[in-house]
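These are my notebook entries on one protein chain. I set down what I looked up, entry by entry.

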Amino acid sequence: MLRLTPIVKNLLIINVVIFLLQSLVKAIDVSAIFALWNFGSENFAPYQFFTYMFAHGSFTHLLFNMFGLIFLGPLLEQFWGPKKFLTFYLITGIGAALVYSGIKGVELHNLKNAVSAYEANPDPERFNNFVEKYVGRPSQNLYNLINAYAAEPGNQQYRENSVHIARRVYDENLNLGRMVGASGAIYGILMAFGLLFPNLELMLIFPPIPIKAKYMVLILGVLAIYLGFQRNPGDNVAHFAHLGGMVFAFIMIRFWRIKGR
């Protein structure tokens with residue numbers, strides 16, 4: 001029978017309660033308050049580096065994160081003790097947010113430079129390249145504009161519309177992008193298992209086969225790096241936050257070992 005340790009139990013309760021508030025409270029946008037917005041966005045606030053990890057985007061998102069917490073967290077809490085486990089959980093979660101925000105900031109800076117470069121010299125080919133790189137699959141209206149602009153490259157209205165769309169892509173990336181979820185901290189817990197109990201076998205869900213913790217960590221780390229650099233516009237998963245949680249977990253455990261703790 002699964003036995004929940006005190007910190008794991010409290011974290012589970014907090015995450016479930018906040019998800020219920022997200023789902024049931026309509027008077028205020030709970031998700032917007034707790035989420036981590038991009039640095040520089042009008043919605044950004046420093047406290048979000050802490051609060052984002054207690055909100056989730058969907059029931060499935062919550063389910064998988066809490067599944068990892070309740071099956072892996074108790075062993076670490078028993079191994080370290082409640083105070084040290086909570087410290088580890090929160091720092092890896094905040095560390096994941098810092099890594100995500102740093103990389104997102106670089107991406108937004110590059111996007112802003114791309115918009116400025118296009119504004120200085122707009123033409124149909126550059127507009128099509130911009131859309132392919134930063135938008136992905138265009139809507140029908142955008143697709144029609146690309147074709148019309150290509151057919152009439154000297155049309156002033158098409159040129160102005162293309163510049164307006166480029167600016168809007170940057171504004172939407174800056175002000176609409178946000179991150180929620182405990183995934184960074186959960187990936188930190190997985191990294192801890194890989195370092196502390198490398199030969200402990202974990203049972204996968206899909207497919208249902210056992211795998212040693214060290215191999216699980218290696219696979220998830222490589223996958224996070226690969227998907228993070230894929231830059232798929234339709235992918236809303238914060239892969240670099242997952243990687244950030246693992247990196248901070250590695251640093252913390254190495255530091256504790258050096259200090260003899």
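**Entry 1: Leu36**

I began with Leu36, which lies in strand β1. I note that the model is a predicted one. Is Leu36 buried or exposed? Its relative accessibility is 1%, so Leu36 counts as buried. I then listed the contacts of Leu36, setting aside neighbours within four places in sequence. They are Phe44, Gln48, Phe49, Tyr52, Ala97, Tyr100, Ser101, Gly177, Arg178 and Met179. I also looked up the pair Leu36 and Ala55: the two are 19 residues apart in sequence, and their C-alpha atoms are 9.8 Å apart in space.

**Entry 2: the chain as a whole**

I next recorded the overall figures. The protein chain has 11 helices and 4 strands. Its C-alpha trace spans about 70 × 40 × 35 Å along the principal axes. Of the 261 residues, 43% are buried. Among contacts with a separation of 6 or more, 70% join residues 24 or more positions apart.

**Entry 3: Phe54**

I turned to Phe54, which is placed in the loop between α3 (48-51) and α4. Phe54 has 7% relative accessibility and therefore counts as buried, the cut-off being under 20%. Which residues does Phe54 contact, leaving aside its neighbours within four places in sequence? I found Leu11, Ile14, Asn15, Ile18 and Leu90.

**Entry 4: α1 against α4**

I took up the helix pairs next. Two packed helices are described by the angle between their axes and the distance between the axes. The axes of α1 and α4 come within 9 Å and cross at roughly 170 degrees. That angle is over 145 degrees, so α1 is roughly antiparallel to α4. On the α1 side, I listed Pro6, Ile7, Val8, Leu11, Leu12, Asn15 and Phe19. They meet Phe59, Leu62, Met66, Leu69, Ile70, Gly73, Pro74 and Glu77 in α4. By class, this contact of α1 with α4 holds 12 nonpolar, 2 polar and 1 charged residues.

**Entry 5: α4 against α5**

How do α4 (residues 59-80) and α5 (residues 82-120) cross, and at what angle? Their axes come within 7 Å and cross at roughly 130 degrees. The two helices are therefore oblique to each other. The crossing of α4 past α5 is right-handed. From α4, the contact uses Leu69, Gly73, Leu76, Glu77 and Trp80; from α5, it uses Pro82, Lys84, Phe85, Phe88 and Tyr89. I recorded the classes of these residues as 7 nonpolar, 1 polar and 2 charged.

**Entry 6: the nonpolar cores**

Which members of the largest nonpolar core touch the most other members? The core has 51 residues, and I found Leu69, Phe85, Phe88, Tyr89 and Ile189 in that position. Two or more residues come from each of α1 (6-24), β1 (36-37), α4, α5, α9 (183-196), α10 (213-230) and α11 (239-258). The largest share, 8 residues, is from α9.

I examined Phe85 separately. Not counting residues up to four places away in sequence, Phe85 touches Ile7, Val8, Leu11, Leu69, Gly73, Leu76, Glu77, Trp80 and Ile189.

Key
Residues are numbered from 1 along each chain as its sequence is written. This is a predicted model: local features need pLDDT of at least 70, side-chain atom pairs count only at pLDDT 80 or more; totals for chains, interfaces and linings use all residues. Side-chain values use heavy atoms; hydrogens and water are left out. Axes are lines fitted to C-alpha atoms, for helices over the stretch in contact, and angles run from 0 to 180 degrees between N-to-C directions. Angles under 35 degrees count as roughly parallel, over 145 as roughly antiparallel, 65 to 115 as roughly perpendicular and the rest as oblique. A crossing is left-handed if the near helix is turned anticlockwise from the far one by less than a right angle, and right-handed if clockwise. Contact means heavy atoms within 4.5 Å. Ala, Val, Leu, Ile, Met, Phe, Trp, Tyr, Cys and Pro count as nonpolar, Asp, Glu, Lys and Arg as charged, and the others, Gly among them, as polar. A nonpolar core is a set of buried Ala, Val, Leu, Ile, Met, Phe, Trp, Tyr and Cys residues joined through side-chain atoms within 4.5 Å. Buried means under 20% relative accessible area, exposed over 50%, partly exposed in between (1.4 Å probe, protein chains only).
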